[in-house]
Amino acid sequence: MGGVVAMTDWNDPASWLLSPMTYWPLWAAALGAATLAYRLRRRRTCRACGLSG
């Protein structure tokens, strides 16, 4: 049941750029922007002023 666990060497930029954890903040920002764009695109007409979107 023994396995090899690869540890990221954070002193080596080539190593941490290949780590998926490096890109989570970028993915989170892109997901947030997509969610906001979807919300703005799907909102209904304003009852007070009549503007849509």
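Q: Which residues make the nonpolar surface patch of about 390 Å²?
A: This is a predicted model. In it, W10, M21 and W24 make a nonpolar surface patch of about 390 Å².

Q: Where is W24 found, and is W24 buried or exposed?
A: Exposed means over 50% relative accessible area. W24 has 54% relative accessibility, so W24 counts as exposed. As for its place, W24 is found in helix α2.

Q: How many helices and strands does the protein chain have?
A: The protein chain has two helices and zero strands. One of the helices is α2, which covers residues 24-42.

Q: Which residues form the positive surface patch?
A: For a patch of this kind, like charges are joined within 9 Å. Here the positive surface patch is formed by R41, R42, R44 and R47.

Q: Where is the place of R42, and why does R42 count as exposed?
A: R42 lies in helix α2, residues 24-42. R42 counts as exposed because its relative accessibility is 55%.

Q: Where is the place of L51, and is L51 buried or exposed?
A: L51 is in the segment after α2. With a relative accessible area of 61%, L51 is exposed.

Q: Which residues does L51 touch, not counting residues up to four places away in sequence?
A: Contact means heavy atoms within 4.5 Å. With residues up to four places away in sequence left out, L51 touches R44, T45 and C46. Of these, R44 is also one of the residues forming the positive surface patch.

Q: What part of the protein chain do buried residues make up?
A: Buried means under 20% relative accessible area. Of the 53 residues in the protein chain, 2% are buried.

Q: What does the accessible surface of the protein chain come to?
A: The total is about 5200 Å², and 65% of that surface belongs to carbon and sulfur atoms.

Terms used:
Residues numbered from 1 in each chain as written. Predicted model: local features only at pLDDT ≥ 70, side-chain atom pairs only at ≥ 80, totals over all residues. Heavy atoms only, no water. Patch = residues over 30% accessible without salt bridge, like charges linked within 9 Å, V, L, I, M, F, W, Y side chains within 5 Å. Areas by Shrake-Rupley, 256 points an atom, 1.4 Å probe, with all protein chains shown as cover. Salt bridge = Lys/Arg side-chain N within 4 Å of Asp/Glu carboxyl O. Lys, Arg positive; Asp, Glu negative; His and termini not counted. Charge placed at Lys NZ, Arg CZ, Asp CG, Glu CD. Helix = DSSP H or I, 4+ residues; strand = E, 2+ residues; numbered from the N terminus. Buried < 20%, exposed > 50% of the residue type's maximum accessible area, 1.4 Å probe, protein only.
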